[in-house]
Amino acid sequence: MSSSQTLEKHKYDVVIIGAGGAGLRAAVEAREAGLSVAIVCKSLFGKAHTVMAEGGAAASMGNVNDNDNWMVHFRDTMRGGKFLNHYRMAELHAKEAPDRIWELEMWGALFDRTQEGKISQRNFGGHEYPRLAHVGDRTGLELIRTMQQRIVALQQQDAKEFGDAEKNMKVFAEVTITEILKENGKVSGAYGYRRETGSEVLFEAPAVVIATGGVGKTFKITSNSWEGTGDGHALALKAGANLVDMEFLQFHPTGMVWPLSVKGILVTESVRGEGGILTNSLGERFMFKYIPDVFKDKYADNEAEADRWYLDQDNNRRPPELLPRDEVARAINSEVKAGRGTEHGGVFLDVSKRLSAEVIKKRLPSMWHQFYELAGVDITKEPMEVGPTCHYVMGGVEVEPDSAAAVGVDGLFAAGEVAGGMHGSNRLGGNSLTDLLVFGRRAGKGAAEYVKGHGANPVSESAIEKASAKIEAPFTRTGGENAYTLHQELQEITHNLVGIIRTGAELTEAIAKIADIRKRSANISVTGDRKFNPGFHLAFDLDNMLLVAESTAKSALLREESRGGHTRDDFPGMNSTWRQVNHIASFDGDKVNIKAQALPALPKELFDLFDVHELEKYMTSEEIAKGGSK
Amino acid sequence: MARTLKLRIWRGDDKTGGLQDVTVEANHGEVVLDIIHRVQATQMGDLAVRWNCKAGKCGSCSMEINGKPRLACMTQVAAYPEDETITITPLRAFPVIKDLVTDVSFNFKKAMEIPSLQMPEGLKPGEPRMQQVDVERSQEFRKCIECFLCQNTCHVIRDHEENKKSFAGPRFFIRIAELDMHPLDMLRNRKKTAQEEHGLGLCNITKCCTEVCPEHIKITDNAIIPMKERVADEKYDPIRWLGSKIRRREEVL
Amino acid sequence: MQPRLGRLLLMATGVFSQGRAKISERTLRTDKWWIQPLITVGVLLSFIVYATWRAFEGAHYYAEPLISPFYSPCLSTTCVEGSSLLGTPFGHIVIFGMVLSPAFIILIFPLGFRMTCYYYRKAYFRSFWMSPPACAVAEPHAKYTGETKAPLIVNNGHRYFFYIGLVFNTLLTIDALLAFKNPQGQWGHMSIGTVVLLLNATFLWGYSASCHSCRHAIGGRLRHFSKHPFRYKAWTVVSRLNQKHQNFAWVSLIWVAFSDFFVRMVSLHPTWNKYFF
């Protein structure tokens with residue numbers, strides 16, 4: 001379709017790309033600010049990857065331990081991120097998370113309860129107090145369903161008031177956005193196609209919120225669904241925005257490794273929170289060997305104390321299985337590399353010894369279900385086999401913390417996993433769901449304020465023609481490259497060369513190879529027609545993944561230290577000077593360029609929340625002497 | 001451990017279509033969705049199928065495998081004998097779009113027809129207090145992953161297209177039950193509307209919805225039948241009706 | 001409706017409706033889905049045939065101290081001596097010049113309980129009415145209105161049959177207790193018949209206690225379990241039994257028939273009822 005006469009056109013105040021937790025929260029906020037909103041997603045409404053979040057949503061409500069407050073949460077988040085977090089994002093997140101959870105409850109979320117009838121909170125890796133609001137182990141599903149139902153509730157109001165449920169807010173399911181359109185340097189809309197029919201769609205809107213989630217499909221073993229192809233990252237790059245710190249990827253320590261078909265699927269951290277222990281093929285509980293110095297005073301160094309912690313958390317240090325994710329992932333990786341792994345290249349995770357079958361089924365229902373039905377393993381009787389899986393990208397679109405506005409592009413906003421900065425070099429479990437809500441809301445608000453201040457920005461015919469031609473391109477070629485094959489090759493490269501442990505030489509090799517695939521991908525051809533054609537869809541997804549992989553490999557090559565989700569075999573230690581550096585990726589239309597940029601320094605009032613001796617482990621002596629910026 | 005698998009996959013659209021034979025390799029431990037992906041990558045690049053999480057949590061890959069409504073990601077190939085041909089078709093209660101993808105918009109329309117949760121006026125965020133035993137019933141229904149297999153298998157609409165107007169279907173009966181059992185919901189006419197607007201009375205308790213539910217929600221026993229009993233309290237039980245006129249039970253309970 | 005017209009209607013609706021995937025088979029299930037409804041038909045028909053025959057027989061339902069559950073309480077003046085626990089308030093009923101068997105007066109209630117039962121509804125809708133015969137197997141009806149119209153709307157009154165069922169359970173329990181007598185009317189004895197009737201009462205109580213209406217009445221209708229701890233506890237017990245409602249339904253049905261059969265045999269051959277003490 002190149003004739004714009006038949007083109008499906010829509011006009012909205014805000015277009016939201018992605019219908020996961022962040023996208024839906026942004027939509028609700030923008031709608032409540034009185035704007036018209038289009039929610040565009042690649043899947044059906046309610047299928048977003050957010051449903052996979054199991055453990056819970058971290059918010060310092062203090063329902064279980066009243067010592068908890070936003071400052072403790074902030075400290076935990078910064079520690080988890082190895083102080084590479086944008087302090088302002090971490091601060092906003094810690095302060096606003098409880099309100100976001102309470103609001104969900106008003107919209108119908110039914111969290112598990114405490115004795116007094118409040119929202120129950122559970123322990124999780126890296127969190128000092130029980131902090132995660134949860135519903136069994138399907139918290140993400142609860143969040144997405146609640147948001148979905150909130151949107152339906154708002155649409156019902158519109159139906160009552162205007163006789164049209166979709167007057168102010170409409171969901172465009174199964175639509176892929178291929179381009180963010182700009183006029184006069186500002187966002188003017190988004191262009192894409194309907195997956196069902198292949199027909200093209202134009203959204204005219206002065207503000208676009210990107211909430212597309214992660215990039216996992218760039219990797220071979222991942223917990224992400226097919227949707228995690230880094231669309232938002234690439235759309236932002238192409239629109240002129242920056243990506244920050246793309247080298248930081250979280251490998252969740254415990255993904256299923258067997259059987260083949262479920263490789264990568266997550267085993268929630270709650271399994272360890274509820275008392276699961278990690279052992280190698282020799283039967284050793286190996287995590288005691290891997291407690292880094294910075295955590296020595298918080299984690300038990302012997303089994304007796306670790307076991308006591310489950311009963312008395314005030315007088316014992318926590319078990320090392322609950323160390324931050326990056327530590328556990330690296331530990332498992334080391335054990336497997338040292339030949340102490342299981343037959344299928346993982347380690348054992350066992351809850352059956354500590355908990356009764358009944359308790360396991362009650363507290364970890366979907367885990368039991370998942371192992372029993374997908375793998376034929378009864379976790380109440382036998383251990384699970386687990387290993388690291390690509391789970392989350394800490395890096396993402398560089399944004400202004402307060403408004404979630406993308407730096408460098410007026411009218412563009414980003415929230416959730418696609419945005420960078422909040423989690424630093426490593427995300428704490430449970431911080432993701434509240435990140436979605438806190439910054440989803442801020443993005444919706446930011447977009448609403450922007451639209452009120454700027455008004456419409458019409459799309460030009462030439463922009464439409466260009467965008468349309470790109471979509472048609474794969475059909476104009478025959479006998480070209482197969483998108484499936486290229487995708488597999490890319491995954492091999494990232495898995496082998498940009499994976500959990502990296503070296504300079506391998507990264508250099510990866511960059512060359514990715515460039516080669518990029519060249520070949522320009523020649524992809526597609527069989528069949530436009531109607532729900534997965535080969536055609538993959539051609540676009542692949543282009544996005546290539547940009548992401550390039551950003552990651554290039555940033556990783558430059559960062560000569562190991563921190564959080566970035567481990568360099570040739571630079572094993574953490575380096576305080578590198579902590580002051582963010583890597584900013586931008587796209588010049590041909591290749592990704594990386595530049596170093598100073599990380600904003602902690603202001604004094606936040607600096608003072610920490611014990612100086614703790615900061616000394618992360619910061620240079622000059623920074624300490626300064627005592628935070630003013 | 002590879003084995004050769006014979007498949008019959010339905011391909012077509014809303015106008016024409018039929019079953020096509022395919023032979024494909026299968027590895028140990030694989031599920032039907034893996035096989036479909038292999039067919040896609042090697043033989044039918046444009047074979048349409050919906051899927052997302054591949055872990056039984058999102059409810060996207062609903063289809064019919066050997067005539068049974070199932071999630072393809074939760075169906076082990078090993079469950080079928082070596083010599084058996086596995087037949088894969090799209091859901092048969094909804095209009096087909098292409099190949100294994102159907103138009104499930106019926107369900108989103110129905111979702112819109114169920115009145116939302118109504119919290120007590122003046123209750124502020126952070127204030128709700130609910131006991132675990134009081135939320136557990138509703139929590140079971142919120143496990144629903146909206147795969148719509150129950151909707152697809154329910155003969156009320158599967159076998160009678162004309163009932164679609166007046167029948168919300170099992171997925172939305174559990175939604176109504178969830179809200180009616182919610183400790184704080186203020187909307188108290190859900191029983192009446194369940195019967196009069198959403199077609200609860202059309203259900204004849206043949207339990208296929210429960211049989212196909214991948215989340216093992218006891219749709220019939222825990223939602224539909226309790227709702228039918230609640231409806232009976234209000235509409236079909238003269239003694240209770242009288243009782244409710246004499247003292248306002250709803251407040252008491 | 002003429003068969004051809006019915007077929008045409010069927011073609012236009014259901015899985016053959018416009019827009020749905022064009023598949024000519026009514027089902028593609030490869031398992032033996034028809035076995036379950038077939039067994040149901042078999043067992044239920046056998047029971048109906050047996051019970052009807054026994055009801056018409058109007059004899060051999062009492063063998064001191066055992067009374068058949070089909071005939072208890074025997075309320076007609078035609079009842080044999082000693083079988084009328086509650087007297088004979090109705091005299092006897094004559095229809096078309098025939099004396100109505102006392103069994104009919106009472107069988108109608110347990111029958112109503114079972115006809116409206118949430119489990120049996122599944123069983124007979126699937127088997128006798130084939131609506132649907134099995135999951136994802138197209139049903140042969142062109143139209144369907146469910147339980148929204150007479151007579152099926154009566155199913156909404158299941159609870160009343162449940163309450164009446166409790167009365168019968170009580171009476172049959174008394175019958176079982178009376179079976180601790182010997183044929184001479186002396187207490188303190190026990191026979192095979194005692195065990196048969198005790199089991200019969202037990203299964204029937206199990207069937208009633210696991211009933212969905214019972215579950216609703218005992219606690220299901222409550223909104224806040226936390227405010228009614230005792231009823232909540234009771235509800236959890238009934239809920240657990242409720243999962244076995246199907247089992248209770250079949251066991252109690254078969255055992256009622258067997259109890260009747262046993263009483264009949266004892267009435268014909270008194271020695272069959274061996275006394276333990």
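**Domains of chain A**

I began with the domain assignment of chain A, which gives domain 1 as 8-248 + 394-461, domain 2 as 254-390, domain 3 as 475-584 and domain 4 as 600-630. I keep in mind throughout that this is a predicted model.

**Domain 3 against domain 4**

I then looked up how domain 3 of chain A and domain 4 of chain A sit relative to each other, and their C-alpha centres lie 36 Å apart. The contact between them draws 6 residues from domain 3 of chain A and 6 residues from domain 4 of chain A. Together the two domains bury about 490 Å², with 49% of that area on carbon and sulfur atoms.

For polar links I noted 2 residue pairs in polar contact between these domains, both residues of each pair being at pLDDT 80 or more.

Looking at E623(A), I found a salt bridge with R579(A), in which the closest N and O atoms are 2.3 Å apart.

**Disulfides**

Searching the whole structure, I found 2 disulfides over all chains. One of them joins C208(B) to C135(C), with an S to S distance of 2.1 Å. This pair crosses between chains: C208(B) belongs to helix 8 (residues 208-212) of chain B, while C135(C) lies in the loop between helix 4 (118-127) and helix 5 (158-178) of chain C. I noted the link of C208(B) and C135(C) as left-handed, with -95 degrees about the S-S bond.

Technical notes
Residues numbered from 1 in each chain as written. Chains lettered and ligands numbered in written order. Predicted model: local features only at pLDDT ≥ 70, side-chain atom pairs only at ≥ 80, totals over all residues. Heavy atoms only, no water. Domains from an automatic or database assignment. Contact = heavy atoms within 4.5 Å. Buried area = accessible area lost by both parts, 1.4 Å probe. Salt bridge = Lys/Arg side-chain N within 4 Å of Asp/Glu carboxyl O. Polar contact = N/O pair within 3.5 Å; in protein donor to acceptor, adjacent residues only side chain to side chain. Disulfide = S-S within 2.5 Å. Helix = DSSP H or I, 4+ residues; strand = E, 2+ residues; numbered from the N terminus.
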